[in-house]
Amino acid sequence: MYVTLDTEGVDIFIAQTPYPAKVSPQTAFVVRYHDALPLFMPHTISDKALHQATHFYALMSNVKSGAHFACVSEATRSDLLKVFPDVGERAVTIHNMVSHHYYLDESSPAERIPGIIRSRLYGGDPDAKDLGLMPKFLSLREQESFYRRNLQADGFRYLIVVSTIEPRKNHSRLIAAWEVLKAELDPKLKLVVVGTLGWDYKELIKACAHG
């Protein structure tokens, strides 16, 4: 039993996830549904059983209360209908988009990128060191030679991914694709991974260390 929010006078209530509450009868309830990973791929999230249960029961409550669903992709909508096929007429696909407020910022020259990467290398976590994420150097000279060779080369080209390091972000597939690009198109192409360590990341760190 979920509580009912007092939304008197509110036309539309938008939730960014399955929401553990109800709204007043005159308020349209819209759930922005991002994915059904807690239901179909619980192994990719932390607190697996708890996350799966809270996601499902809140989602079921939203369905029963007559909520509408704005899914971020057709794949997400398809997953929603697998669980609740009767909600088809209340579920639409509205893709994520970039706001017009974002713009290309030319204030930081590309030459600064290697220095930024070097200054933010992840080395604070003991697991990162134990698993070989940080290279082991015999001397400071060897260390500086390595970074100069790999970061200061002319025409520094790279792919970048920004997200928490966790299984559901699919870094393993990204690394596999990057290795193909290196082998077939550009052997000097770098992969820059930006993000803090989340959960179940040890195998991924090994893949990064061996890439």
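Trainee: How many salt bridges does the count come to?

Mentor: Six, by the rule used here. The rule asks for a side-chain nitrogen of Lys or Arg within 4 Å of a carboxyl oxygen of Asp or Glu. Bear in mind that this is a predicted model, where local features need pLDDT of at least 70, side-chain atom pairs count only at pLDDT 80 or more, and totals for chains, interfaces and linings use all residues. Residues are numbered from 1 along each chain as its sequence is written, and side-chain values use heavy atoms, with hydrogens and water left out.

Trainee: Why is the pair Arg 77 and Glu 74 called a salt bridge?

Mentor: Their closest N and O atoms are 3.6 Å apart. The limit is 4 Å, so the pair qualifies.

Trainee: Where do Arg 77 and Glu 74 sit in helix H3?

Mentor: They are three residues apart in H3 (residues 74–83), so about one helical turn separates them. Helices here are DSSP runs of H or I, at least four residues long; strands are runs of E, at least two; both are numbered from the N terminus.

Trainee: What makes Arg 77 buried or exposed?

Mentor: Arg 77 has a relative accessible area of 19%. Buried means under 20%, exposed over 50%, and partly exposed in between (1.4 Å probe, protein chains only). Therefore Arg 77 is buried. Glu 74, at 45%, is partly exposed.

Trainee: Which class do Asp 79 and Lys 82 get?

Mentor: Asp 79 has 23% and counts as partly exposed. Lys 82 has 57%, so it is exposed. Their side chains meet in a salt bridge, 3.5 Å from N to O. Both lie in helix H3, three residues apart.

Trainee: How do you know that Glu 144 and Arg 118 form a salt bridge?

Mentor: The N to O distance is 2.9 Å. That is within 4 Å, so the label holds. This pair links distant parts of the chain: Glu 144 is in helix H6 (residues 140–151) and Arg 118 is in helix H4 (residues 113–119), 26 residues apart. Glu 144 is partly exposed at 30%, and Arg 118 is partly exposed at 28%.

Trainee: What makes a set of residues a nonpolar core?

Mentor: The members are buried Ala, Val, Leu, Ile, Met, Phe, Trp, Tyr and Cys residues, joined through side-chain atoms within 4.5 Å. The largest such core has 17 residues. Phe 29 and Tyr 33 are among those with the most contacts inside it.
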